[in-house]
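Me: I'm new to this and would like a close look at one single part of this model. Could you pick a spot and walk me through it?

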Amino acid sequence: MNQKESILIVDDNEGIRKSLKLTFNKKGYKTDTAETAQEALKKAHKKYFNIALIEFKLPDMEGTILLSKLKELYPKMTCFIITAYAFLQNVRMAARINADGYFIKPLIPEDVLYRFEKILKEQRIEKELKESEEKYRALFENTGTATMIIEEDRTISMVNTQGEKLSGYSKDEIENKMKWTDFVIPDDVEKMKKYHIFRGKAGEKSPTECEFNFIDRKGNVKDILLKIGMIPNTKKSITSLMDITKHKISEERLKKTMVAAIDTMSKMVEAKDPYTAGHQKNVSQIATFIAREMKLPQDKIEGIRIASLIHDIGKISVPTELLNKSSTLSDIEFSLIKDHSQIGYDILKSIDFSYPIAQIVLQHHERLDGTGYPNSLKSDEIILEAKILGVADVVEAMSSHRPYRPSLGIDKALEEISKNKAILYDSKAVDACLKIFKEKVNLNLNSIIA
């Protein structure tokens with residue numbers, strides 16, 4: 001129990017004071033009582049009370065007047081009125097003076113306690129939300145990029161300091177007063193509106209980044225690279241705006257940025273699970289060799305390479321103790337780990353890759369006979385890239401040390417995919433993999449399999 005939470009009971013009836021105090025004390029609350037309004041005010045001046053329970057008719061002052069004085073002293077104090085009559089005027093009076101509710105005599109201490117605890121819980125949640133919002137605002141302010149929160153109706157509800165500098169307007173002028181379309185040149189408005197509408201609809205795909213012309217306060221037109229995404233469980237969007245007027249970002253720089261992001265995501269998983277450090281990188285090398293051996297188009301090879309580097313990104317949601325467990329996992333524990341394919345998909349699906357990265361990650365544990373997960377897909381329901389990644393993943397995993405077993409060796413791994421070719425694993429992907437490891441063409445096993 002939070003010892004800062006305390007209750008003040010103000011009633012000229014000694015029996016009510018005692019019964020309520022006894023009920024609250026049993027629950028660990030610090031409870032104080034007062035017979036008169038003056039006594040209550042003296043105690044309130046000496047210490048803070050979270051909640052006050054005030055009799056409507058006190059010997060020296062109306063309970064409503066006392067409530068107003070307490071609210072002046074502590075605006076966030078929760079105050080209830082006790083009345084013997086549920087007259088409409090009493091209810092209206094309680095609402096007018098900002099009372100949080102009222103109780104009708106005869107009182108049931110347990111009922112009062114229940115409502116108080118509900119209020120205390122709400123206060124705690126409100127405090128936590130406020131602290132969370134303050135942290136969020138601090139992060140929002142220090143992104144280093146002009147950033148805005150966009151409501152469903154296109155109104156800008158938040159803008160950071162960099163956004164002020166980019167636009168030439170102050171927060172007070174922008175927030176909840178201007179729409180983001182106010183900054184878009186007429187030729188780009190319709191295109192940008194369509195993106196906004198599509199982004200807010202479930203199942204619709206809209207670009208997560210694009211270029212448009214931005215008009216600042218002085219009428220200057222700036223080339224802007226906009227990156228945008230939906231805030232989960234809301235219809236709000238968060239946008240970052242980068243001024244690229246003086247130097248357009250080249251395709252090579254965009255590629256490097258994507259590579260860095262992929263590398264960061266890969267390292268996030270490796271940091272979470274040290275026993276599989278390098279696993280994704282090794283799998284990517286094997287999968288890329290398989291794809292090349294199968295003579296796939298370059299764009300498919302690149303998609304496989306990137307997806308392999310982050311195929312276990314969903315494991316960031318798996319408890320570390322499960323990833324590092326040295327004994328056999330229970331069915332429940334294994335089901336938690338199996339969720340990583342779906343979670344990885346959920347993380348990646350909104351990123352506008354040039355390849356089906358999210359789909360590859362989602363399906364890399366599916367098997368031809370339908371015994372895989374998460375969706376028990378069969379044969380042609382599984383995309384080729386995921387089939388190749390699945391083979392590479394099995395070979396690397398079996399050949400590497402795990403917390404619950406030593407390395408089984410490359411021979412056992414190749415035996416596994418060979419034995420289950422066309423049953424669990426794609427025949428062409430298996431044949432290509434076997435050929436690579438048999439001939440060791442341009443492949444240094446020691447650098448891939450630990």
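Reply: Let's start with Glu-133, which counts as exposed because its relative accessibility is 55%. Here exposed means over 50% relative accessible area, buried means under 20%, and partly exposed lies in between, using a 1.4 Å probe and protein chains only. Before going on: this is a predicted model, where local features need pLDDT of at least 70 and side-chain atom pairs count only at pLDDT 80 or more, while totals for chains, interfaces and linings use all residues. Residues are numbered from 1 along each chain as its sequence is written, and side-chain values use heavy atoms, with hydrogens and water left out.

Glu-133 sits in helix H5, covering residues 109-141; a helix is a DSSP run (H or I) of at least four residues, numbered from the N terminus. Together with Glu-128, Glu-131 and Glu-134, Glu-133 makes up a patch of negative charge on the surface. To join such a patch, a residue needs over 30% relative accessible area and no salt bridge, and like charges are linked within 9 Å. A salt bridge would be a Lys or Arg side-chain nitrogen within 4 Å of a carboxyl oxygen of Asp or Glu. Asp and Glu count as negative, and the charge of Glu is placed at CD.

Now for the wider setting. Of the chain's 450 residues, 45% count as buried. The accessible surface of the chain is about 24400 Å², and 52% of that belongs to carbon and sulfur atoms; such areas come from the Shrake-Rupley method with a 1.4 Å probe.

Terms used: Patches are made of residues with over 30% relative accessible area and no salt bridge: like charges are joined within 9 Å, nonpolar side chains (Val, Leu, Ile, Met, Phe, Trp, Tyr) within 5 Å. Helices (H or I, at least four residues) and strands (E, at least two) are DSSP runs, numbered from the N terminus.
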